[in-house]
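Subject: Structure handover

Hi,

Here is the structure I promised to pass on. My notes on it follow below.

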Amino acid sequence: MSEQFLRQKHDRLFQFWDTNRDGVIEWADVQAVVEGVSNAFGWAEDSAQKRRLSSATRRWWDDMFAPYAVNGELARDPFVTCLHNWATADRSAFREVLAPAAEAYAAMGDLDGDGTVNEDEYVKVFGSSIQMSEDESRDAFRRLDRDGDGLISVEEFAADTVEYFTATDRAAPGNWLLGPIEPSKA
Ligand SMILES: [Ca+2]
Ligand SMILES: [Ca+2]
Ligand SMILES: [Ca+2]
């Protein structure tokens, strides 16, 4: 059951990344996610924000998924299996691979550049990029803010990201990384 929950979360990233909805993920899909975010924020092609998000995402793809890809593509099952293997095998290597991406996404949400993401920044940035309602965004924010100080720090973002991909506990705050997960029918 808990393994199934983990796969459900991994599958969610597949849905999020398969931008052209053809059932396989290739770098072009992931690049389209970066483009979409970049356009939504009106970032210039050579802006620091876009370059940072793009290179962190590329590293994530290259380190974690590219070795599993066949002809540059990953179907749903191998994609989910790849994530699952990473998440359950070598935790410290997984943490290391995810860290730059988590930092880049945290920086993306930090609109005023004070080093943390507050609730309004979170709602504005992630509400639209993950397509959550305002209520869902505020709910997600309060969970991802692990110490409840009203701010998501880079460290909290990194911890939430690792937890999203590794936690089998349905109450883990990091489960909310990509928005609300369907409630358990168990
Ligand atoms: Ca695709
Ligand atoms: Ca901020
Ligand atoms: Ca906090």
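The buried residues of H4 are Phe79, Val80, Leu83, Trp86 and Ala87. Here a residue is buried if 20 or more other C-beta atoms lie within 10 Å of its own, exposed if 12 or fewer, and partly exposed in between, with C-beta atoms placed from the backbone. The arc is that of the directions from the helix axis to the C-beta atoms. An α-helix has 3.6 residues a turn, so residues three or four places apart point the same way.

Two notes on reading this. The model is predicted: local features need pLDDT of at least 70, side-chain atom pairs count only at pLDDT 80 or more, and totals for chains, interfaces and linings use all residues. Residues are numbered from 1 along each chain as its sequence is written, while chains are lettered from A and ligands numbered from 1 in the order in which they are written.

Helices (H or I, at least four residues) and strands (E, at least two) are DSSP runs, numbered from the N terminus.

More on H4. What do its buried residues pack against? They pack against helix H1 (2–17), strand E1 (24–26), H3, strand E2 (73–75), H5 and H8. Contact means that the C-beta atoms of two residues, placed from the backbone, lie within 7 Å. The length of H4 also checks out. At 1.5 Å a residue, its 13 residues should span 18 Å, and the end C-alpha atoms are 18 Å apart, which agrees. The expected span is 1.5 Å times one less than the number of residues.

H3 can be read in the same manner. Its 18 residues should span 26 Å at 1.5 Å a residue; the end C-alpha atoms are 25 Å apart, which agrees. Leu53, Ala56, Thr57, Trp61 and Phe65 are the buried residues of H3. Seen down the axis, they fall within an arc of 140 degrees, so they line one face of the helix. Their packing partners are H2, E2, H4 and H5. The face of H3 turned away from the buried side carries the exposed residues Ala48 and Asp62.

Next, the core. A nonpolar core is a set of buried Ala, Val, Leu, Ile, Met, Phe, Trp, Tyr and Cys residues joined through C-beta atoms within 7 Å. The largest one has 38 residues, and Ala102, Tyr105 and Tyr122 have the most contacts inside it. The elements giving two or more residues to this core are H2 (27–41), H3 (48–65), H4 (76–88), H5 (91–109), H6 (119–129), H7 (134–144) and H8 (154–166). H5 gives the most, with eight residues. Beyond its neighbours within four places in sequence, Tyr122 is in contact with Gly109, Val117, Ser137, Phe141 and Ile152.

Now the whole chain. It comes to eight helices and four strands. Along the sequence the pattern is α-β-α-α-β-α-α-β-α-α-β-α. The radius of gyration, taken over C-alpha atoms, is 16 Å, close to the 16 Å from the globule rule (2.2 Å times the number of residues to the power 0.38) for 186 residues, so the chain is as compact as a globular protein of that length. The C-alpha trace spans about 45 × 40 × 30 Å along its principal axes. Buried residues make up 29% of the 186. Among contacts between residues at least 6 apart in sequence, 55% join residues at least 24 apart.

- Asp29 is in helix H2. With 20 C-beta neighbours inside 10 Å, Asp29 counts as buried. Asp29 and Asp18 are 11 residues apart in sequence and 5.7 Å apart in space, C-alpha to C-alpha.
- Asn71 sits in the loop between H3 and E2. Asn71 is not a glycine, yet has a positive phi of about 55 degrees. It is exposed, with 7 other C-beta atoms within 10 Å.
- Gln131 sits in the loop between H6 and H7. Gln131 is not a glycine either, and has a positive phi of about 60 degrees.

Best wishes
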